[in-house]
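This report is meant for a reader who is meeting the structure for the first time. Please look over the sequence and the model before reading on.

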Amino acid sequence: MNHVWTGLPELIVIFVIALVVFGPKKLPELGKALGKGIAEFKRATEEVKETIETEVRSVERNMEIEKLKAAVEGKEAEIKAAETDKAAETDKAAGSETAEPQVAKEKGTDAYGKS
């Protein structure tokens, strides 16, 4: 509560100087104009604050979307690599099973080397 009284003498001095310079008739008009100016400044400040907050949220949302895209792309790459490995193993296994009978047919024997 003490801090309220520290600026009071300065405000009184400013008020007295304004009263002397502008006179008692102009002082209420100046007070209204000053009040309107302060209100407009607050309103403009709030608009700027809201705009900045909206932009920050938008950027954060875009960053999250990019992270999700990267994660999905990474998972897709892992899945494709796993599918490729599995297909290679399947081809390798299928190739070794089919290679023996073909070799046996070429030699004129069955898969077990019997004629």
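## Salt bridges

A salt bridge is a side-chain nitrogen of Lys or Arg within 4 Å of a carboxyl oxygen of Asp or Glu. K75 forms such a bridge with E78, their closest N and O atoms being 3.9 Å apart, and both residues are exposed (over 50% relative accessible area, with a 1.4 Å probe and protein chains only; buried is under 20%, partly exposed in between). Because K75 and E78 stand three residues apart in helix 2, about one helical turn separates them.

The structure holds four salt bridges, and another of them joins R43 and E40 at 2.5 Å, N to O. R43 is partly exposed, with a relative accessible area of 45%, and E40 is partly exposed, also with 45%.

## Basis of the model

This is a predicted model, in which local features need pLDDT of at least 70 and side-chain atom pairs count only at pLDDT 80 or more, while totals for chains, interfaces and linings use all residues. Residues are numbered from 1 along each chain as its sequence is written, and side-chain values use heavy atoms, leaving out hydrogens and water.

## Overall fold

Helix 2 covers residues 8–107, and of the 115 residues of the chain, 3% count as buried.

Conventions:
Helix = DSSP H or I, 4+ residues; strand = E, 2+ residues; numbered from the N terminus.
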